[in-house]
Structures are given as structure tokens and as C-alpha cells.
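Good morning, and thank you for making time for this item. I shall ask you to keep the structure in view while I speak.

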Amino acid sequence: MMVSMLSIDIKKLVIDALKPREISLAELAKAIGNIECVEDVMISVTETDMRTETVRMTLSGQGICYDDVLKVLTENGTALKSVDEITVSKRQKKIV
Amino acid sequence: MVNIGDPRRRLEALKAKINKYTKIAEAGGLYRRYFVMNSFDGALAILGVIVAAYSTGNVSARVIINAGIGLAIATGISGFVGVYLSERAERAKKIKDIEHSIMMDINGSLLYRASKFTIIMLALIDGISPAVTISITILPFFFHEMLPNTFLLDYAMITAVLVNLTILALLGAFLGKISQTNVVKYGLMTLMIGIGVVVLLYYTGF
């Protein structure tokens, strides 16, 4: 018997974060890109301070796991300031 | 079945991790600086012991070996503890400043781990580097102890001083290489300092 279930997945996430300058953009981008559910990562620096950099991250994927993203940010000493944009999509999942 | 590739991969992963931590903690230059500074300290200290002992005119290899081992242990402990405590304090302050700036606790984060790793590495470099130069310098006295009739004490003295001066010259050359200037000039400069110490102690000994 085939059962279908409704799933709502995050497709795009735009976040504002504050990171120490010691953590390079490449390292952070690679760490986030390493998350299974993230397909593309785009990071741009919007503000630079003596010790920190404010960055805007645009993540896309088929079903971004928000908790995993938060975990990687914390792991890299980066504080989430705000979630500025989010795109979710609804689809039917078939369960056998 | 034993997978032969595994240890190699693990070693590469460890190397990558060390490079990553070094880069994040901005410690590459510090490692080099601590290594040269403390190797130089150790080399000059043991050179002083050897030449001063020789100038008394009545010394045995065993005395120099014991003094050398004592010096290596003491400078090793002093270097390790001194750097561990001072770096820990400095880096704890830096972590606190960063936490204050980003308004988040970064305990356990990559930056925190890199910082802890760097403290240990710097302390080890500071403790081991003088001990290494001291140990290499006193090696000829061990040979003398093993072959007292073939390898005379005077030969051991001269060999030890020459080995030590070579270490000093190599340290200078290393500095020249780092600064991307004249390797020979830096090498000669540290060599002259060593020769200066030898001359000074030889003629002031009583």
C-alpha cells in the first residue's frame, strides 16, 4: 500500500551572521557546504569591524536542515543575527 | 584485512587539522619565533657552560654531561610552563574579547580548539627546542665517556664547541631564510655572537 505525506522543505535561506575575523570565509563556506542538505552556499561580507565581520549567507538546497546549519555556525564561532529571507516549498512524499 | 591506506589518510587528516588550527590561531610565525629564540637560548647557555668549565682547567666530561642534562631539563620545564601560562592568559583574553564582540559563548568552537592547540604547541616548542640544542651539543662528551682513550676530552670540548657554533649559524641562516634576506649574513651574525661568547668566557674564566 502506498501512502503519501505532505512535506514542507526549506529551499533557500538568507541569514545575517557575525563571525570572528580569524575564521576565513572559505573555511566557513566549506563547513556549511559540507552539510548534506545544503547544495549551494554564497557568503558576502557586509560589514567589517576590528574583530568581527558581518556576513550575509545565501544557502540553497532541496531540504535545508536549519538545525544543522545552526550547529555548524556555532561550531565555527559564528553568531546568527537574523534570518532575513526564507523560501519553502510543499511537496508530496510517497511512503511505501 | 588490514587497510594499509588508513594510517596514511589519518596522518594527512592530522596534518590538515594542524595547518587549519595554525592558520586560525595565526600561530605560524609564533612557532618559528619561539623555536629560534629558545634554540638560541639553549645553544648559548650550554656553550657558556662548556667554555666556562674548560677555562677552569680541571673538569670532567661527566660534570659537563650532568650540567647539560640539568640545564636541558630546567630550560625545558621553564620554557614549557612559562609559555603555557603566558599564552593561556593572552589567548583567554582574546577569546573573551571575541565572545564580547559576537555576543556568544564560543567554548568548544573551532576557534577555541585552535587556541588550545596553539597554547600546547607553543609550550612544547618552547620547552623542547633548547633541550634539543643542549643535547646535541653535549653528545661529544658521551662519545668521550664511551671511548676515553681514543676520543680525548680536549677533542670532545672542541667538537662540542664546533657543533654548537654550527647550530648557531644554522639558526641564523634559518632566520635569513624566513626574512627572505641574506642567509649567509644572518648565519655569520649568529656565528659571531657564539664566537664572541667563547672568547669572552675563555678569557674571563678563572
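Predicted model: local features only at pLDDT ≥ 70, side-chain atom pairs only at ≥ 80, totals over all residues.

**Helix packing in chain B**

In chain B, helix α2 (residues 28–55) packs against helix α6 (residues 183–204) at an angle of about 30°, and their axes lie 9 Å apart. On the α2(B) side, the contact is made by B:L44, B:L47, B:G48, B:V51, B:A52 and B:S55; on the α6(B) side, by B:G194, B:V197, B:V198, B:L201 and B:Y202. By class, eight residues of this contact are nonpolar, three are polar and none is charged.

Let me turn to chain A. In what order do the four strands of its open sheet lie? The order is β2-β3-β1-β4, with antiparallel pairing. Because β2 (40–48) and β4 (79–95) of chain A stand at the edges, each has a single partner strand and one side without a neighbour in the sheet. From one strand to the next, the twist averages 20°. Within this sheet, β1(A) pairs with β3(A), residues 52–60, in the antiparallel sense over nine bridges.

Helix α1(A) touches β1, β2 and β3 of chain A, and its direction makes about 145° with that of β2(A). Helix α2(A) lies across β1, β3 and β4 of chain A and runs at about 20° to β1(A).

Is A:I23 buried or exposed? The threshold for buried is 20 or more other C-beta atoms within 10 Å; A:I23 has 24 such neighbours and therefore counts as buried. Although 54 residues separate A:I23 from A:G77 along the chain, their C-alpha atoms are 8.0 Å apart. Beyond its neighbours within four places in sequence, A:I23 is in contact with A:L28, A:N76, A:G77 and A:T78, and, in chain B, with B:I24, B:L110 and B:L111.

That brings me to the interface between the chains. Twelve residues of chain A are in contact with twelve residues of chain B. On the chain A side, β1 and α2 (66–75) are the elements that give two or more residues. The residues of that side divide into four nonpolar, four polar and four charged.

How values were computed. Residues numbered from 1 in each chain as written. Chains lettered and ligands numbered in written order. Buried ≥ 20, exposed ≤ 12 C-beta atoms within 10 Å, placed from the backbone. Contact = placed C-beta atoms within 7 Å. Nonpolar A, V, L, I, M, F, W, Y, C, P; charged D, E, K, R; others polar. Axes fitted to C-alpha atoms, helices over the stretch in contact; angles between N-to-C directions. Pairing = 2+ DSSP bridges.
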